[in-house]
Amino acid sequence: MNADDIEALANAWLAQYDSGESAKDAAHSWAFGTLYDLCSDAPDVAWAVTEAILRHELTPHLKSVVAAGPIEQLLAEHGEQIIERIENRARADAGFKALLGGVWKNRMTDTIWRRVQNVAGPKW
């Protein structure tokens, strides 16, 4: 995936949530499944898409969806591979640190979960 594809996927993923409640925009519904699959199969690409999403101004609803969606899934499935990126971003970006308060343990190992908790803001 090139930079334009990553940005297009990020924009489509955000557009599906324009209603503010759930993935109701059928024209962009493909983006949910695509990012979900990338989180499982291509974590580096999924992280790049997630970073592209985070470059946008996010509503509280979108923050909760990205925290409980791609960030949580990446940590649950590829914690060892992704945790340093999460930690570094949280230390450098107070908004991201706060966003991590919306991440739940899911299938993370205890070690990864402790590391997330060490850099996360308060639970929401």
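Helix α5 gives the largest share of the lining of the largest pocket, 4 residues. Helices here are DSSP runs (H or I, at least four residues), numbered from the N terminus. This is a predicted model, where local features need pLDDT of at least 70, side-chain atom pairs count only at pLDDT 80 or more, and totals for chains, interfaces and linings use all residues. Residues are numbered from 1 along each chain as its sequence is written, and side-chain values use heavy atoms, with hydrogens and water left out.

**The pocket**

A pocket is an open set of points on a 1 Å grid over the protein atoms alone, where a 1.4 Å probe fits and protein lies on both sides within 12 Å along at least five of seven lines; lining residues have an atom within 4 Å of a point. The largest one holds about 170 Å³ of space. α4 (60-92) and α5 (94-99) each bring at least two residues to its lining. By class that's 6 nonpolar, 2 polar and 3 charged. Here Ala, Val, Leu, Ile, Met, Phe, Trp, Tyr, Cys and Pro count as nonpolar, Asp, Glu, Lys and Arg as charged, and the others, Gly among them, as polar.

**How the helices pack**

Two packed helices are described by the angle between their axes and the distance between the axes. Axes are lines fitted to C-alpha atoms over the stretch in contact, and angles run from 0 to 180 degrees between N-to-C directions.

| Pair | Angle | Axis distance |
|---|---|---|
| α2 (residues 30-41) and α3 (residues 43-54) | roughly 135° | within 6 Å |
| α1 (residues 3-15) and α3 | about 60° | 8 Å |
| α2 and α4 | roughly 25° | within 8 Å |

Angles under 35 degrees count as roughly parallel, over 145 as roughly antiparallel, 65 to 115 as roughly perpendicular and the rest as oblique. So α2 and α3 are oblique to each other. Their contact (heavy atoms within 4.5 Å) joins Leu35, Leu38, Cys39 and Asp41 in α2 to Pro43, Val45, Ala46, Val49 and Ile53 in α3. That makes 8 nonpolar residues, no polar ones and 1 charged.

α1 and α3 pack at about 60°, so α1 is oblique to α3 as well. Ile6, Glu7, Leu9, Ala10, Trp13 and Leu14 of α1 touch Ala48, Val49, Ala52 and Ile53 of α3.

Leu35, Tyr36, Cys39 and Ser40 of α2 meet Pro70, Gln73, Leu74, Glu77 and His78 of α4. This contact has 5 nonpolar, 3 polar and 1 charged residues.

Key
Grid points are joined across faces, edges and corners, and a volume is the space filled by probe spheres set on the points.
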